[in-house]
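Thanks for making the time this morning. I would like to walk through a few local features of the model on the screen, and I will give the cut-offs as I go.

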Amino acid sequence: MILLKTKEEIELIRDAALLVGKTLAEVGRHIRPGVTTAYLDSIGEQFIRDNGGIPLCKGYEGFPAALCISVNDVVVHGIPGDLFIKEGDNVSVDCVIELNGYVGDSAYTFPVGEMKPEVLRLMKVTREALYIGIDKAKPGNRIGDIGHAIQMHCEKNGYSVVRELCGHGVGFKMHESPNIPNYGVPGTGPLLKEGMVIAIEPMVCMGSKNVKFSQQDGWTCRTKDGKPAAHFEHTIAVTAEGPEILSSFDYIENNN
């Protein structure tokens, strides 16, 4: 069941989503060679709680941390720990926050120091694909229009999109209907309606689209071929005027 939100509810979701953006920026300020992903997680959790939020990833189906921190070939759901960040890493940070009973969700992939040009290009195309997908989030379009637009942009640039994981509805809970795949057929899937709030999140691989999940922790999702992946995500409201981005990368890009 797809739950539509009122304009007042969308504003409360925006507040949560903007706190996610501020949290990502705070974590981003500490991403540098020599720090561990556990340290970055502690920075993020403290910031969330200091600002009145609840880190929803922590404890979600047993996930042990406030943030998902995924490095290089880890696509998503990396568990923070004793891994040291190093020069040239690409570090995806995914954050979900509840604030005043409403939920925001966003992710950003950070470059660390001197990067290989091919990895920077992967990150650039993934970020572009996010906004290309967002542009299709208009009343009267369908979910397949979003996924198709993302898929086509990534594939024409030589990349592949993950099939096993997808975006989703968000706002009252972390995961709501409908699912938002990053591939699809135009004109198919649920109809987009005013009041829908969704998280669009391209997960893009430099090589094969095939992934594997850790048998040790049940969470960590890696590319099967060991090549890098990138991940960007925004929380979006579908309005009569078109898509409205409720989260923000501005805090990150104006401060890093």
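Predicted model: local features only at pLDDT ≥ 70, side-chain atom pairs only at ≥ 80, totals over all residues.

In helix α4 (residues 143-156), the buried residues are I143, G144, D145, I146, G147, A149, I150, Q151, H153 and C154, where buried means under 20% relative accessible area, exposed means over 50% and partly exposed lies in between, with a 1.4 Å probe and protein chains only. That makes 10 of the 14 residues, and α4 is mostly covered. Helices here are DSSP runs of H or I with at least four residues, strands are runs of E with at least two, and both are numbered from the N terminus.

Residues are numbered from 1 along each chain as its sequence is written, and side-chain values use heavy atoms, with hydrogens and water left out.

Staying with α4, its buried residues pack against α3 (117-134), β6 (160-161), β8 (176-180), β9 and β10 (203-205), contact being heavy atoms within 4.5 Å. The end C-alpha atoms of α4 are 20 Å apart, which agrees with the 20 Å that its 14 residues should span at 1.5 Å a residue, since the expected span is 1.5 Å times one less than the number of residues. Just after α4, G158 takes a positive phi of about 90°.

Now to strand β14 (residues 234-239): why is it described as largely enclosed by the rest of the structure? The reason is that six of its six residues are buried. In a regular strand the side chains alternate between the two faces of the sheet. In β14 both faces are covered, with H234, I236 and V238 buried on one side and T235, A237 and T239 buried on the other.

As for its neighbours, β14 runs antiparallel to strand β9 (residues 197-200), joined by four bridges, where pairing requires that DSSP finds at least two bridges between two strands. V197 stands opposite A237 of β14. Four bridges also join β14 to the antiparallel strand β15 (residues 242-245), with T239 partnering G242, and a hairpin of two residues connects β14 to β15.

The peptide bond between S177 and P178 is cis, with omega about 5°, and P178 lies in strand β8. N100, which is not a glycine, has a positive phi of about 55° and is exposed, with a relative accessible area of 62%.
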